[in-house]
Amino acid sequence: MAAQAEATRFGWLTPDVLSIVAGALIAAVAPLDRLDYVARGLTASALADAAPSAQVLLVTASPEALREGLCERSLPGLLERGRARGALLIPPADAFCGGAASRAGAASATSAAGAAPVVRMPPELLRLSAGDVVGFFPLAAGERAPELGALGVSAAPWVLKKAPQSVPAVSLRDLADGQVPASALEGRVAVVAVGAGGVAPQAVATSALPPARGVAAVLGGLLDGGRRASAPAWVPALFVLLAGGLVWIARRRYGSLVATAALFLGVFALAAGQGVLAARAEASLIALPSALFGLAVAFAGVMIVRGLVVQRSVDRAAELIHRAALFRMQGVHTLPDEEFWPRVARLAEQAHPADLVLVAELPAGSWHLRFWNDRQGGGESLVAERRNDVRRPPYSSEQGVPAIRLSRRFLTKQDMPAVVVPLIAFGEIEGYVFFCGPVAEQTFSREPERAEHVGRELALLLRRKRLARTAQGGAGEARGGRSPEDDLVEGARVALDDLQLFGSLLRSAPVGLLYADAFGDVRFVAPEFAKWLRARDVTVPAESASAALPPGSLTLGDVLGATSASDAAVSLSSVMASDDGIELSVSAPEPAVLSVRPLRRESDGSSWIAGYVAALIPVQQAAPVSDNVRPLAVRDAADPLCAFQLGDVVADAVASAARATGRAVRLEPIRGATHALGHRGELGQVLEAFLTDVAGRGLPGHGPVVSVREAPQGVQLSILDVGFGLGLPESALQRVLTAPGSAPAGLEPLGRLILAVEDSHGHAELKTNDGWGITLTVTLLRAHPRAFVSANEGGKPAAQQNVIAIGRAGPK
């Protein structure tokens, strides 16, 4: 028990935490002494003060002036007249001003008033870093120590010096000739150095020989309070602890990428903090290289230790993923062609009635098809067209454009028609599907949109397979072969997809569950659902040991076929065409509602059906309504039949549709008063919903064009380019006019608009404009409202309803 308590007490001392502590100790010890010294000097130089110095004046003398004895003759007098603090002679200028320095030193020792000291600067006084003066070493005991101290020169390892251009500089000859007043030396230390002669006054400072400019800059910064020293050892150690902890938290919660970003954030904070501290505090220069080295040790320890833990977890997960390989339902590209293409044929047969279904593969970089069939084991022998070139009929039109068409000489049986459906995804042909037989011909003539829905979904399925295999092959070729890690990543991705899919299943269907994969094969069925299917004489196989049904043992088409005797009434295509799915009422053995919906996945701007989920929901029969109870007409009380201006309703609907979709909806100038009779509220709502639907589906630049005018037969509303927005031919739209209450999937807004028009005693019609789109024309009864006049608060007559303002409306 004591050992267990001891282990629990020190359980937080994990290897990654110990690496952070080791990094903090390295930052405190600062083993990189030479690099730390250079870094401190660079920091002090980088923070140079650009404000003009009021403590130092750089005085330059040309070699000619020094040889003439100008410095020795004029410097003592200039210092006395200018009341300077003193002069610091920078070698080799001290050799020409030595006499003046000696006399000034003697005078300073004997004169009661005291003269300004003139001191030679010893070279060993300067502290250099990267070839630049950064401070002064401690003063050695000697005769010049008091004079140097009088000039303000004291021990300072690093100094925030003045910028060289901020130190005032003058020529000794200009001072001696009176061109610069001697008062410029008042209260300053004159740094006397050798400089080039005959230069412009603004270039005097740059003409001084090194190290005079550095000495003047450092002395100016020192006299202005720029003395700096090393920071305490605990400062970098504390920073490494905090930054290492941030990296540790980021690595555990968000991964390696965020941890690396946290490291760079710590480095930036260290550099920025060094600059802020050095500018404000004296003991503030951090051992920056040692601190960075300690942070790198902490980061490496966290990443390596955590990586070893992750690798151990990955090894454990590999076995679990391998055992779960039987449940892989999303790995479409992992199926071999001999299994994939027959399953595609089975899916097409469930979605579109036909006597025979063929699917054709278009290999990459080829124009010739390869046929597959689920029943005969292959489809090449059934095709009479031997060229199989997609650029020729019947695969394309005479102009070479692939389109859905009916062919009667495609198969070896000349009397069997075939509906040729190209599978096009994002403008690229992925393959073809052929629905053969009289049943397929009748279904295509009656419901041409069904073949289009099936073709679109099959094309997306084939495209997903092709892109996944291309990416997998390219990655394997770049790596020189597939490694076990690649298999692990692929298995983890597939397992994650399956978990997300089954999560959607559980959320979507709380009772009577059934799941079918992307091919329409039922893979999981709940006991309640299996009981209902057996009552409908549908053979349900026994579950396997893995609780999953084998592919092909039960299809979703069999389940839908059990709900009705007519295959045309309920089919898989109706489920494909609706994102919300379909709901079917069943009565035996008990009243229930069968809800079937597709499970869609989205990626790279496209969506495809990844599976299907069905739920069998029992319903309770409602109590019979008494014969003497009649429902109230709620709409007549809330939205009565009245006269209104159709132009105002249309303008509001167009503006709302444009705002909702973000696309242009054109409204032509309204012609006439456009007084109509109808239910204004209902017409406005359904018109706005219809325009939003059409504008949202249309291509950019092909939005609907709306116009309102008065015609001899009544007030007409015309909407041009309906076909572009809905993407359907006129034959499909005409069905909505006949039965607007049972509009096909995707045309519900149009059906509701037609019902509202008919409720307002109007009528609607569709016209084809010779290839320029389809126009929906709505005609309402013309109304003649009565004119009335009423007085407002000001006594003036109110506006009349039958008076229309001409021109631009003024501000309200």
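This is a predicted model: local features need pLDDT of at least 70, side-chain atom pairs count only at pLDDT 80 or more; totals for chains, interfaces and linings use all residues.
Colleague: Which residues is Arg735 in contact with, leaving aside its neighbours within four places in sequence?

Modeller: Those partners are Arg446, Glu449 and Pro744. For a sense of the fold, take Glu447 too: 288 residues separate Arg735 from Glu447 in sequence, while their C-alpha atoms are 9.7 Å apart in space.

Colleague: What share of the contacts in the chain with a separation of 6 or more comes from residues 24 or more positions apart?

Modeller: Such pairs account for 69% of them. The chain has 812 residues, and 45% of these count as buried. Its secondary structure comes to 26 helices and 27 strands.

Colleague: Let's turn to a strand. Why does Gln716 count as buried?

Modeller: The cut-off for buried is under 20% relative accessible area. Gln716 has 6% relative accessibility, so it counts as buried. It belongs to strand 25, residues 714–720. Not counting residues up to four places away in sequence, Gln716 touches Ser707, Val708, Arg709, Ala711, Thr777, Val778 and Thr779.

Colleague: Now a helix. What should I look for in the buried residues of helix 2?

Modeller: Start with the general idea: an α-helix has 3.6 residues a turn, so residues three or four places apart point the same way. In helix 2, the buried residues are Asp16, Val17, Ser19, Ile20, Gly23, Ala24, Ile26 and Ala27. Helix 2 runs over residues 15–29 and reaches 21 Å from its first C-alpha to its last, close to the 21 Å expected. After helix 2 comes Ala30, with a positive phi near 55°.

Colleague: How do helix 2 and helix 11 lie relative to each other, and why?

Modeller: An angle over 145 degrees counts as roughly antiparallel. The axes of helix 2 and helix 11 cross at roughly 155° and come within 8 Å. The two helices are therefore roughly antiparallel to each other, and their crossing is right-handed. On the helix 2 side the contact is made by Asp16, Ile20, Val21, Gly23, Ala24, Ala27 and Ala28, and on the helix 11 side by Pro236, Ala237, Val240, Leu241, Gly244, Gly245 and Trp248. By class, that contact has 10 nonpolar, 3 polar and 1 charged residues.

Colleague: And at what angle do helix 11 and helix 12 cross?

Modeller: Their axes cross at roughly 160° and come within 7 Å. Helix 11 and helix 12 are therefore roughly antiparallel to each other, with a right-handed crossing. Among the residues that meet are Phe239, Leu246 and Tyr254 in helix 11, and Val258, Leu263 and Leu270 in helix 12. The residues of this contact divide into 12 nonpolar, 2 polar and 1 charged.

Colleague: Last topic: backbone angles. What is phi of Thr674?

Modeller: It is near 55°, a positive value in a residue other than glycine. Thr674 lies in the loop between strand 22 and strand 23, and at 2% relative accessibility it counts as buried. His761 also has a positive phi, near 65°, and is found in the loop between helix 26 and strand 26.

Colleague: Which peptide bond is cis?

Modeller: Look at the bond from Pro91 to Pro92, where omega is near 10°. Pro92 is in the loop between strand 2 and helix 6.

Technical notes:
Residues are numbered from 1 along each chain as its sequence is written. Side-chain values use heavy atoms; hydrogens and water are left out. Helices (H or I, at least four residues) and strands (E, at least two) are DSSP runs, numbered from the N terminus. The expected span of a helix is 1.5 Å times one less than its number of residues. Buried means under 20% relative accessible area, exposed over 50%, partly exposed in between (1.4 Å probe, protein chains only). Axes are lines fitted to C-alpha atoms, for helices over the stretch in contact, and angles run from 0 to 180 degrees between N-to-C directions. Angles under 35 degrees count as roughly parallel, over 145 as roughly antiparallel, 65 to 115 as roughly perpendicular and the rest as oblique. A crossing is left-handed if the near helix is turned anticlockwise from the far one by less than a right angle, and right-handed if clockwise. Contact means heavy atoms within 4.5 Å. Ala, Val, Leu, Ile, Met, Phe, Trp, Tyr, Cys and Pro count as nonpolar, Asp, Glu, Lys and Arg as charged, and the others, Gly among them, as polar.
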